[in-house]
Every structure is written in structure tokens, then in C-alpha cells.
Amino acid sequence: NETPEEERQELFDQLTERVETINRMISEFIYYTRITRLNRTPEDINTVLRNSLHGFKSLIDSTNVEIVTSFYPQLSVINLDLYLMNQVFHNIIKNALEAMNNNGKLTIIVQKLQIKHGPKPSLEFVEISFEDTGSGIPKEDIKKVLNPFYSKKNDGMGLGLSIVKHVVRAHGGAVRLKSQPDLFTNVTIYLPIR
């Protein structure tokens, strides 16, 4: 009762902000742990990527970020969970834009890979590469950023890239991460074509 009104309001604002942060952390953690069953539908990966990029259009238009895309035109339809794969692309693009701080280039390349094993059989994969010209990731952090709850952002939960890894693995794929501080970061996803 003896605390001045202005100080009480400041404490209340801080408390509200912290409760909202905790709520977001809990929501993201629940989301992360519930990714077990996939609701697969046949999708054109090029269209899924275009739609994900379109979701960032207004943000990209207000920056000096150049988007360069190269899609593989004759790519087979892939059975994937559209909602989860949208989340994967959203997380990667969001990280890239934040790392470039409104200035740079994001290159997205889609290719088809064929891996031969044995005399005739081969496995087919789609390779989706995202490369930004942002701040990069220090060498000592490169293996940590795909782990849950590892983040160097002030407001980061450390679940963005771990969700990427989790979802891609649930689809039978893999994630590769390469980076060089102050030059680039490359996140490449490999998804099997079924």
C-alpha cells in the first residue's frame, strides 16, 4: 500500500510481461512435445515454399532484403504434414530475416537428389537449401542451435530450429547446418520423395 502508484504500475507491467513470456514458453514446449503423428497429404513443395515466403511479404517489402529462389520444376508431389512443414519453413525464414537485420540476401534453392545403392535401386530426396547473408553462427554454437532451449536471443525460447529438426526427422529426413560468422548461414533440409 505504501508503494507509489507509478512504481506499482511499472512492477505490474514487468509481471505481466514475464507471465506472457512463461505462457509462450509453455505453449511452444507443448507444441514441440506433441509432434508425434503426421497428417500427411500430397503436396507440391515449391507451392508450399512460395506460400511460406508470401507470409513474410509485407515484412520483406519494408526491408532491404533480396529474396532469390530457384525451384526444381519437375519435382514429384511429396506426402507431408502441411501444417508442420509450413512451421519448418516459417522458422527458418524468420531466423534468416532476423539474422540479416533488414539488409542482405536470402537464397532458397530446391533440387532433386538421387542416391544410388546397389546395382539398380536408388533413393530420391528433395534438397531445400536456405542461405542468408546474416551475422552467422559461431563455430562453438553450431552443434547447439538445433537442440531444444538453446538460444542467444534475449527473447528467444530456443525451440525454432529444434522444431525444424524434430519435424524433418519425423518425415524421415535430415537437417544440415553450416555457418560462418559475419558471412552466411545455410540450413539445408533433405526430405524423402515417396
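Mentor: Before we look at this predicted model, take one convention: two strands pair if DSSP finds at least two bridges between them.

Trainee: With that in hand, in what order do the five strands of the open sheet lie, and what is the pairing?

Mentor: In general, strands of a sheet pair through backbone hydrogen bonds, either parallel or antiparallel. Here the order is E2-E4-E5-E7-E6, and the pairing is mixed. Strand E2 (64-70) and strand E6 (174-180) each have a single partner strand and stand at the edges, so one side of each is left without a neighbour in the sheet. From one strand to the next, the twist averages 15 degrees.

Trainee: In which sense do E6 and strand E7 pair, and over how many bridges?

Mentor: E6 and E7 (residues 184-192) run antiparallel to each other and are joined over seven bridges, and glutamine 180 is found opposite phenylalanine 184 in E7.

Trainee: Which strands does helix H2 touch where it packs on the sheet?

Mentor: Helix H2 (residues 45-54) touches E2, strand E4 (103-116), strand E5 (122-132) and E7, with a direction that makes about 165 degrees with that of E4. Helix H4 (residues 82-100) also packs on the sheet, touching E2, E4, E5 and E7, while its direction makes about 30 degrees with that of E5.

Trainee: Is leucine 123 buried, partly exposed or exposed?

Mentor: Leucine 123, which belongs to strand E5, has 42% relative accessibility and therefore counts as partly exposed, since that class lies between under 20% for buried and over 50% for exposed. The C-alpha atoms of leucine 123 and proline 192 are separated by 7.6 Å, although the two residues are 69 residues apart along the chain.

How values were computed: Residues are numbered from 1 along each chain as its sequence is written. This is a predicted model: local features need pLDDT of at least 70, side-chain atom pairs count only at pLDDT 80 or more; totals for chains, interfaces and linings use all residues. Side-chain values use heavy atoms; hydrogens and water are left out. Helices (H or I, at least four residues) and strands (E, at least two) are DSSP runs, numbered from the N terminus. Axes are lines fitted to C-alpha atoms, for helices over the stretch in contact, and angles run from 0 to 180 degrees between N-to-C directions. Contact means heavy atoms within 4.5 Å. Buried means under 20% relative accessible area, exposed over 50%, partly exposed in between (1.4 Å probe, protein chains only).
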